[in-house]
Amino acid sequence: MALLAIGAMTSGLLLAAQPPAAAGINLLKNPGFETPGTGQDGMPDCWSRSGWGDNDVTFTTTTDAHSGNRAVKVELTRRVDGDRKALVTESAACAPAVATERQYDLSLWYRSTTPDAAITLFRHDTTTGWQYWTDLKTLPVAGAYTRAEVRTPVVPPGTDRIAWGVSVFGTGSVTTDDYTMEEVAPPAPDPVCTGTAEECAKGRWQVLGVKNPVRSMHSVVLHNGKVLLIAGSGNDPEMFEAGTFTSAVYDPANGSFRTIPTPVDMFCAGHVQLSDGRVLVMSGNKGYPSADGKIGYQGLKDSYVFDPATETYTRTNDMHDGHWYPSATILGNGDVISFGGLKEDSTGNVTAERFSAAQHRWLPVNEVKQTWSYWGLYPSMILMQDGRLFYSGSHTFGNGTPGTGASIYDYDANTVTDVPGLRNKDQRDESASVLLPPAQDQRVLTIGGGNNETNPAANRLTDIIDLKRPDPGYVAGPPIPQGLVDQGQGKRPQTGDEGKMFVSAVLLPDGKVLETGGGLHDRADPVYEASFFDPVTNTYEAGLAADPVPRTYHSSAFLLPDGRVMAVGDNPGNGSYNHDVSVYTPPYLLKGPRPRITSVIDGRWNYGDTQRITVDRPIAKAELIRPAAVTHSSDPNQRFVDLPLSVIDDRTVDLNVTANPNLAPPGWYMLFAVDANGIPSVAQWVHLGGPAATAAQAERSAHAHDFAGSLAAAPKKPLKKRDFAPVGPRVAGCDRHYGTAGVCVPTVFPRSVKATTRARCAWLADHDYGRLKVNGKDDPLRLDPDGDGTACGKGDVRGAPPTR
């Protein structure tokens, strides 16, 4: 059946409005610079010089004013990096007091000879002091005095004052005058729930009547609203031997699936959306492990592009070598960089690969900078606002890699620098990492994980890192809420430190993160639990409705353009696959009528643009969300980019687009408008790109701030050139002496299972493994004591199964 359309909901409630600012109450002191300062720097009272980096600047108090007798001019004559700004003085005497959960309209008059200028906002945290908050609006070149207005985001908890001004980060001058700051009137009361009380608190799941026709491992939301589901052989050796490789495209508009011819086994490939909306799919499976386990999975070096318009794959040039389980991160200039995985011979791949957007091909390895580091499998590599990459410590199979578990990779300098604080770094297998909303805050959350080789119970750990800090490090976050776990004998409440691995984390348009799915052990023991993580308060909202379908290994959850979340897949160790499809309706869709974007004046956006939209009623915020390309708990390109508002009236809003392509790499995005009660519109698709997506702009001209610039650890020197990293046969956590290559008998059983034939066979029976052939003469787990070649047969198990 088709996904149920979200139509108009019951009305008769007060709509969540965000009225204009209270006119006439300017909260700034000396807004027109008319009162001279007493300091030696010549700045007017309550205004200061600020900035950083390698540049030459002059600050002038000039008579070229918009009104009165004074204005301030900032001029850069040489710029390598950094910025300079005239800023409200960061003091209790000058910086205006603000209230949490409120917004403020800022405006000024300016003249400019440079396109590289922006309104920049700082906030005072009552615990940690003054800190950069965000850039709000890029100022176009203006020969005559021009008014610029923008609304702040909602003031976060712990903030008591803000300071702001204009940053100049390119050669030229900006003259400003007549600043205003006005508090926006409070929003309307909360709306009335339109569902049951439980649904409005927890949301609801629906298991669709239609089945996923393929054993998909990979999910990509396309810019036409459809969903690409890639299976390849689907972890089925028989399909591999037959050369049966599959993909499907799902259309939420009518609930239909279309099976797509698939040229190679894209099982456990990497994928990323290119700037033109096509999907780059790299590597995959060249061969399954041998029966004796001496040869592991072998990575393809093949690479293809999927075109949503024609729903066909087209081959690109090959990668340098195979990368089974590679990372895939799009950069600010549209290039894609990839690390890790297994080579064609099953060894660890230490070669970085780079796909050139300009040349539309993988570059020769000698044209790509190399550290010869082994990053594991599906290492989570997140693009930072200055173009560096943050390795979060999340991976699929990567336990035991050297270092602290997290690091910053600087491609230009070709250095890797460890960052501290990630707890239990070798128990973050199948954890999830997300760049928290908004991307401008540069904070990363890691969730859960385990160790597929030692197979302990998955943990509840969450760690958070703020990459804006000079020397960032992870700090402990709140533990994952617990739910019900099914270990083959019925559901029971989780206890102690039991958490989950294979977890999905989905960025939602209200700014929260949905955490859902997962299992307690490697490829086993699904956990039924879902929660929201709130980046504003760093807390979990527990007790949401849980997906009734188990979602462990090879599952995906992702945001649809209508604001709901779709979940597919489950491939436990016994080799089975769950074809059920679930859809989650979050509580924000049960709060009454949704705001509606009635027009997008221009769907092709450039960096630094001001883009006008119209809406059917007032909104509080708008954002771009990059569509999902997720597999194995990993989507390092998922991001939520805030669009500061300039409110013209209740129906007309200008959206201020970041000038930094590292914050929002080029490509298609879902545009959501959200009201003051967190209710989102249905998304409109817009394309972000333009001149600022060039390499020069991405690397030099963007207004990148000096984050993570004073790392305590010394950069590591690149390793000596090598061909591979040795990878043990246990990398996938499966004992290949039993069953087929698509079946994963754990090398190490959960600790609750006694090390006896009866206990292990009882566990396998509880998890529906069925009859297992013993491959060869070795029986390391003692599952075939009678030596008849069948594990856990009648002759192998005597007496009743033990209590675990």
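1. A residue counts as buried at under 20% relative accessible area, as exposed at over 50%, and as partly exposed in between (1.4 Å probe, protein chains only). K85 is buried, with a relative accessible area of 3%. D83, at 0% relative accessibility, is buried too. The two side chains meet in a salt bridge of 2.9 Å, N to O; the term requires a side-chain nitrogen of Lys or Arg within 4 Å of a carboxyl oxygen of Asp or Glu.

2. On the basis of the note: this is a predicted model, in which local features need pLDDT of at least 70 and side-chain atom pairs count only at pLDDT 80 or more, while totals for chains, interfaces and linings use all residues. Residues are numbered from 1 along each chain as its sequence is written, and side-chain values use heavy atoms, with hydrogens and water left out.

3. The structure holds 34 salt bridges. One of them joins D463 to R428, with the closest N and O atoms 2.8 Å apart. D463 lies in strand β32 (residues 462-466) and R428 in the loop between β29 (415-418) and β30 (432-435), so the pair ties together parts that are 35 residues apart in sequence. Strands (E, at least two residues) and helices (H or I, at least four) are DSSP runs, numbered from the N terminus. D463 is buried at 0% relative accessibility, and R428 at 1%.

4. R564 and D562 form a further salt bridge, their closest N and O atoms being 2.9 Å apart. Both residues are buried.

5. Strand β47 (residues 610-615) pairs with two strands, where pairing takes at least two DSSP bridges. Strand β45 (residues 597-600) runs antiparallel to β47 and is joined to it by 3 bridges; here V600 stands opposite I613. Strand β52 (residues 652-656), also antiparallel to β47, is joined by 5 bridges, and V653 in β52 stands opposite I613.

6. Which residues make up the covered face of β47? They are Q611, I613 and V615, whereas T610, R612 and T614 form the uncovered face. In a regular strand the side chains alternate between the two faces of the sheet.

7. A nonpolar core is a set of buried Ala, Val, Leu, Ile, Met, Phe, Trp, Tyr and Cys residues joined through side-chain atoms within 4.5 Å. The largest has 36 residues, of which F390, W605, L624, L655 and L671 touch the most other members. Strand β53 (667-674) is among those that supply at least two residues of this core, and β53 gives the most, with 3 residues.
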